[in-house]
Amino acid sequence: MSAVPIRFRFGFHPLAEVGLWGGDKPTLHWFGLTDGWYWIELGDVRLLKFAADYDIPYVDYYVVRLWEDLLALLPAALEDVPTDLLGFLESDGRDWCDVESEAADAAIDCWSDRSLNFSYLRESPSLRCWRTGNDLTIDWNAPTNFAEPRTLRTTVTVADFVTAVDELHATLMAAMEARAIEVEASPRAGVDLDLPNLHREHQDRAQWLTRARSRIRTTDWTAVRTGATQLRPDAHARRD
């Protein structure tokens, strides 16, 4: 399987259309100002695109969620997985036994921590990834409200995945810097906005990628192997 390029793309709603928080005391903040839409490009394929013919066909949510969840995923995504555990990582969990043990918990964490979080969506897709050497496998499964392909397993290079995360970070930070300048120049009447705090939060979030890149995951693979065997004993028996 040859590697394909990957990129994370987004757009912002116009400032006047950004949803307000706070009910009868409307407010805006850094998170809320990322109101927009986003998708993932894998070669010629676009993921997070809906099947229905919407004006904006992609996930319409706060772009910061995609960015935050990618940074949370990064340490696990960059950790090399032993080849003997690839069958477990490739499984979808439906054939797992109901087991309670520390080893099973370690295996489940190893599996789930390689998932990009979409739980905030009503009908959420699944995107999981695991590294083997210089390659990263991307496994995509989506319900029927998303456009084809609803299932996809492909490979990107680790270097290209890191580049894609770096580019999303740089593009989002630049767009939010411009957004802060825009909102300061054209404040919305009756809307509370703490500009000093907005700038402080922006400066802090600009460092999040560096922090994520500095977190090195060190999995206890012995525990994961034991847990994987407990969760999928039949699979290991067939392999043996």
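Two strands count as paired if DSSP finds at least two bridges between them. Strands themselves (E, at least two residues) and helices (H or I, at least four) are DSSP runs, numbered from the N terminus.

This is a predicted model: local features need pLDDT of at least 70, side-chain atom pairs count only at pLDDT 80 or more, and totals for chains, interfaces and linings use all residues. Residues are numbered from 1 along each chain as its sequence is written, and side-chain values use heavy atoms, with hydrogens and water left out.

**Stop 1**

Strands of a sheet pair through backbone hydrogen bonds, either parallel or antiparallel.

Start at strand 5. Two bridges join strand 5 to strand 6. Pick Ser115: its bridge partner in strand 6 is Arg128.

Now color strand 6 (residues 126-132). Five of its seven residues are buried (buried means under 20% relative accessible area, exposed over 50%, partly exposed in between; 1.4 Å probe, protein chains only). Strand 6 pairs with strand 7 over seven bridges, again antiparallel. Select Trp130 and you will find its bridge partner, Thr137, in strand 7.

Follow the chain around the hairpin of strands 6 and 7. Two residues sit between the strands, and Gly133 takes a positive phi near 65 degrees.

Finish at strand 8. Seven bridges join strand 8 to strand 7 (residues 135-141). Ile138 has Thr154 as its bridge partner in strand 8.

**Stop 1: strands 1 and 2**

Select strand 1 (residues 6-12). Six of its seven residues are buried, so strand 1 is largely enclosed by the rest of the structure. Ile6 stands opposite Leu42 in strand 2.

**Stop 2: salt bridges**

Show charged side chains. The structure holds 17 salt bridges (a side-chain nitrogen of Lys or Arg within 4 Å of a carboxyl oxygen of Asp or Glu).

Select Glu79 and Arg217. They form a salt bridge, with the closest N and O atoms 3.3 Å apart. Glu79 is in the loop between helix 1 (63-77) and helix 2 (86-90), while Arg217 is in the loop between helix 6 (208-214) and helix 7 (221-231), 138 residues apart. Glu79 is buried at 9% relative accessibility; Arg217 is partly exposed at 25%.

Next, select Asp84 and Arg225. Their closest N and O atoms are 2.7 Å apart in a salt bridge. Asp84 lies in the loop between helix 1 and helix 2 and Arg225 in helix 7, so the pair ties together parts that are 141 residues apart in sequence. Asp84 is partly exposed at 35% relative accessibility, and Arg225 is partly exposed at 31%.

Then go to Arg150 and Glu148, whose side chains meet in a salt bridge (3.1 Å, N to O). Arg150 is partly exposed at 24%, whereas Glu148 is exposed at 58%.

**Stop 3: helix 3**

Select Asp105 in helix 3 (residues 102-112). Asp105 is partly exposed, with a relative accessible area of 41%.
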